Amino acid sequence: MTLRTELLPALAAFESAARHQNFARAAEELHLTASAVSHHVRKLEDRLGVMLFQRHARGVALTTEGRQLADAASSALSDMDSVLAGLRRTRDGDTVVRITTLHSLSYAWLLPRLPHFTALHPGIRLHVDTEMALTRFDEGGPDLGIRYGQGPWPGLSAHHLMDDALFPVASARLAGVSHVRAAEDVAKLPLIADLSRQGWQDWFRAAGVRGARFEERYSFSDTTGALMAAAQGLGAALARETIATPYLADGQLLRLAGPTVPTRASYFVVHPTHRRLRPAARIFFDWLLSQRDNADAPRPSATQGVAPSRRKVPQ
C-alpha cells in the first residue's frame with residue numbers, strides 16, 4: 001500500500017507506543033490523550049489489516065507484525081532526526097559548536113575559561129555534552145571532543161592538550177587529617193576511589209610506601225563524585241591536579257603530604273577524521289589548544305592547600 005500523509009500521525013503514535021510499550025507514556029510524550037494514541041493505533045491496524053499490539057489487563061505487547069513495523073518506523077524516524085539535525089546545522093551556519101567532554105573537566109577546567117572565549121567570539125554558540133558514555137561522532141553529532149586517555153581512537157584525529165598529575169586531597173573536617181605528615185599516614189585515612197585506571201595502589205607504590213594496608217571505603221564512577229565526597233569529609237581522594245584546582249582554590253579540599261605522580265593518561269582534543277572542521281569549530285579548536293599555557297583560571301601553587309603540621313582542624 002502507498003504511505004499517505006494521513007497515516008503519518010498514526011505511525012508517530014504507534015512508534016512511540018511501541019517504544020514505551022505503554023499508551024499512556026506515549027500520550028505524555030506526544031502531548032495527546034491515551035485514547036487518542038489508541039485511536040491512531042487502531043486506525044493503522046484497520047488500514048494494514050493486522051494486529052500490531054496484543055491488549056491485556058496489564059498493558060500491551062507487540063505482535064510479530066507490530067515488532068516488524070516498530071523496527072522500521074524507529075529506523076525511519078531516526079534517519080529523519082539525523083536529516084533534520086543536519087538541516088538545522090545548515091540553518092545555524094557556523095554559529096553552533098558541539099563539544100563532548102568529561103563532566104569533571106567541564107566543571108574544573110573548561111567552564112572557568114569560557115568567558116574568555118565568549119568575549120572573543122560572542123557570535124558562536126556552544127553546546128557542551130558531558131554524558132559519561134563516549135559519544136559517537138556521526139553526522140549531526142559533536143564537532144569536537146576532549147578525551148582523557150592514551151589514544152589513539154579509531155576514526156578520530158587526536159591533538160595533545162595537556163598532561164596531568166595525581167596527589168591526595170581531603171577536607172580539613174576529616175578526622176585524622178591534621179596528623180598526616182608523610183605518604184604512609186595517608187593510608188591510615190578512609191580512602192575514596194573512582195574508576196580511573198591509575199589509583200591508590202599506584203600512588204602508594206610511587207610514593208615508596210611498600211605493603212601499605214589501606215581501605216577504599218567509598219567508590220564513585222566519576223572523579224567529580226569522588227572529590228565532592230572528599231569535600232564532605234568522608235575520606236581522602238586521589239585527585240588529578242587539573243580537576244582539583246577549584247576545590248583547592250576555594251578551600252573545600254587540602255592537599256595532603258606525599259608526592260605528585262604524573263598520570264599515564266593525558267587530555268586530547270579529538271575530532272572525526274572523515275569530515276573537515278567547520279569554521280566555528282576550527283576557531284574553538286584553536287582556542288582550546290591556546291589554553292594549554294593560559295593561566296586565566298586559578299591554579300594553586302605547589303604548596304597551596306597542603307595541610308600544615310599544626311593546623312587546628314575544626315570540629
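I take buried to mean under 20% relative accessible area, exposed over 50%, and partly exposed in between, with a 1.4 Å probe and protein chains only. By that rule I recorded Arg205 as partly exposed, because its relative accessible area is 43%.

**Basis of the entries.** I worked from a predicted model, in which local features need pLDDT of at least 70, side-chain atom pairs count only at pLDDT 80 or more, and totals for chains, interfaces and linings use all residues. I number residues from 1 along each chain as its sequence is written, and side-chain values use heavy atoms, with hydrogens and water left out.

**Entry on salt bridges.** I count a salt bridge where a side-chain nitrogen of Lys or Arg lies within 4 Å of a carboxyl oxygen of Asp or Glu. This rule gave me 12 salt bridges. For helices (H or I, at least four residues) and strands (E, at least two) I use DSSP runs, numbered from the N terminus.

I found Arg205 joined to Asp202 by a salt bridge of 3.5 Å, N to O. Asp202 and Arg205 are 3 residues apart in helix α8 (residues 200-206), so about one helical turn separates them.

I next looked up Glu15, whose side chain meets that of Arg19 in a salt bridge (3.0 Å, N to O). These two are 4 residues apart in helix α1 (residues 8-20), again about one helical turn. Glu15 is buried at 9% relative accessible area, whereas Arg19 is partly exposed at 45%. I noted that a network of salt bridges links Glu15, Arg19 and Glu29.

I then turned to Asp164 and Arg240, whose side chains form a salt bridge at 4.0 Å, N to O. Asp164 sits in the loop between β6 (156-162) and β7, and Arg240 in strand β10, so the pair ties together parts 76 residues apart in sequence. I recorded both Asp164 and Arg240 as buried.

**Entry on the nonpolar cores.** I define a nonpolar core as a set of buried Ala, Val, Leu, Ile, Met, Phe, Trp, Tyr and Cys residues joined through side-chain atoms within 4.5 Å. The largest core has 38 residues, and those touching the most other members are Val97, Leu161, Val169, Leu227, Leu253, Phe284 and Leu288. Helix α11 (residues 279-290) supplies the largest share of this core, 7 residues. I also found a second, separate core of 20 residues, with Leu174, Val180, Leu191 and Trp203 among them.

With contact meaning heavy atoms within 4.5 Å, I listed the partners of Val169 beyond four places in sequence, including Leu227, Ala237, Leu248 and Leu253.

**Entry on helix α9.** I found 8 of the 9 residues of α9 (residues 223-231) buried, so this helix is largely enclosed by the rest of the structure. Leu227 is one of the buried residues of α9. The buried residues pack against α5 (103-110), β7 (165-170), β8 (191-193), β10 (236-240) and α10 (241-249). At the N-terminal end, Asp222 caps α9, with a side-chain oxygen 3.1 Å from the backbone nitrogen of Thr224. After α9 comes Gly233, which has a positive phi near 85 degrees.

**Entry on strand β5.** I found β5 (residues 144-149) mostly covered, with 5 of its 6 residues buried. I treat two strands as paired if DSSP finds at least two bridges between them. Strand β3 (residues 96-100) runs parallel to β5 and is joined to it by 2 bridges; Thr100 stands opposite Gly145. Strand β13 (residues 266-272) runs antiparallel to β5, with 5 bridges, and Tyr267 in β13 is the bridge partner of Tyr148.

Conventions: A polar contact is a pair of N or O atoms within 3.5 Å; within protein, one must be able to donate a hydrogen and the other to accept it, and residues adjacent in sequence count only if both atoms are side-chain atoms.
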